[in-house]
Structures are given as C-alpha cells and as structure tokens.
Amino acid sequence: MKQTQTRAPVRTLLTGLLLAGLGLGGSGPALAVYKCVGADGKVTYTDSPCVGASQVSRVETPPPLTPREQAAAEDRSERLINQARVLEYRQTLEAADRQRRYEAERQAERQAEINAQRQAELELERERDRLVVVRPVPIIPRRPPPPVVPKPPRPEVPERQVQMRGYPFR
C-alpha cells in the first residue's frame, strides 16, 4: 500500500506541472482560419467552416506573441520605418541632385550651341570681309562723244508739175 500512496502524489505533481507548463507556454487559444475555394474559383478566408460545395482547408496560424515578443516586434518595426524614411529622404535628395545636374548639362549644351552659332556667324562675316575687298578701280578716261551738229536744212525745191504720159493700154 505504501507504494500506491507514494505514486499518487507524484502523479498529481507531474500532472500539475504538465498543466502549468502548458498554461505558461503562452500558446493561448489558437485561432482557426479556414480557406474556402468556391466552385467559381473565388478564394475566401473565414473563421468558421465553409458552407456549400466548396473545398475546405484549414490554415495553420502561429500562436499569439508574448508581450515581450510584441514589444520587440514593435521596436523592430519602428527602426525599419525610420530606416525607410531616411532612405526615402536620401533618394529624394539624390533625385533632386540628379535633376539639377541634368538641367545644368542641358543649359551648358544650349550655351555651347549658342556660342557655336555665334562663332559660325563671325567666321562667315570674316569670310565675306575677306572676299569682298574694295580695291580702287583704275580710272579710264572716256572720250566725250562728238558734238551733235545739226544738219542744215535742205533747200526747198519747188514742185514741178509733171504731166503724166498715157500708157498704151490697148
């Protein structure tokens, strides 16, 4: 008898420790999530079993987080959010810098085109000046045309009366 009495408290102790271990594990009640695929292929997630002629599969969800794990996750997410903000700010600065450099390059190209055009105009003007040289032309004396002397009028000859001879028209 002594043996059974000693075993009972040990069993009770082991059962108590087992239940306490399960309770302290922090697993809590696991939420059931069901994935339902309808006849039309539409997928629906729900916390209750599917109804109708749809395929049902249970989705395993992880146990809820302990307060310590939840605080660590929140800290980690805050750090990631801050890092993302810093990265976004850097990218914005780099994009603005790239835009400024691009605009400066375009302005320099436009200025270079304007300078090249001015240079070409100057070269063209110099070429015209070189080709159009004003040189004195030798003066060749021209003889003046002879003076126009009026012809003396013809003396008037009186008209003679001439008789016409008849022609032999026969």
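The legends below describe close-up views of a predicted model. Local features are given for pLDDT of at least 70 and side-chain atom pairs for pLDDT 80 or more, while totals for chains, interfaces and linings use all residues. Residues are numbered from 1 along each chain as its sequence is written, and side-chain values use heavy atoms, with hydrogens and water left out.

**View 1. Three strands form an open sheet in the order β2-β1-β3, with antiparallel pairing.** The edge strands are β2 and β3 (55-59), each of which pairs on one side only. On average, neighbouring strands of this sheet are turned by 25° against each other, direction ignored. For this angle, axes are lines fitted to C-alpha atoms, and angles run from 0 to 180 degrees between N-to-C directions. Strands (E, at least two residues) and helices (H or I, at least four) are DSSP runs, numbered from the N terminus. Two strands count as paired if DSSP finds at least two bridges between them. Strands of a sheet pair through backbone hydrogen bonds, either parallel or antiparallel.

**View 2. Strands β1 and β2 make a hairpin with 5 residues between them.** Strand β1 covers residues 33-37 and strand β2 covers residues 43-46; the two run antiparallel and are joined by 4 bridges. Valine 37 has valine 43 in β2 as its bridge partner. In this hairpin, glycine 41 takes a positive phi near 90°.

**View 3. Strands β1 and β3 pair in the antiparallel sense.** There are 5 bridges between β1 and β3. Serine 57 in β3 stands opposite lysine 35.

**View 4. Cysteine 36 and cysteine 50 form a disulfide.** The sulfur atoms of the two cysteines are 1.4 Å apart in the model; a disulfide is taken here as a pair of cysteine sulfur atoms within 2.5 Å. The pair links distant parts of the chain, 14 residues apart: cysteine 36 lies in strand β1, and cysteine 50 lies in the loop between β2 and β3. The link is left-handed, with -80° about the S-S bond. Both cysteine 36 and cysteine 50 are buried. Buried means under 20% relative accessible area, exposed means over 50%, and partly exposed lies in between (1.4 Å probe, protein chains only). A search of the whole structure finds 1 disulfide.

**View 5. Aspartate 97 and arginine 101 form a salt bridge.** Their closest N and O atoms are 3.3 Å apart. A salt bridge is a side-chain nitrogen of Lys or Arg within 4 Å of a carboxyl oxygen of Asp or Glu, and by this rule the count comes to 4. Both residues lie in helix α2 (residues 67-131), 4 residues apart, about one turn of the helix. Aspartate 97 is partly exposed at 31% relative accessible area, and arginine 101 is partly exposed at 47%. A network of salt bridges links Asp97, Arg100 and Arg101.

**View 6. Arginine 106 and glutamate 109 meet in a salt bridge through their side chains.** The N to O distance is 2.9 Å. The two residues are 3 residues apart in helix α2, so about one helical turn separates them. Arginine 106 has a relative accessible area of 25% and is partly exposed; glutamate 109, at 42%, is partly exposed.

**View 7. A salt bridge joins the side chains of arginine 126 and glutamate 123.** The N to O distance is 3.0 Å. Arginine 126 and glutamate 123 lie in helix α2, 3 residues apart, about one turn of the helix. Arginine 126 is partly exposed at 49% relative accessible area, and glutamate 123 is partly exposed at 40%.
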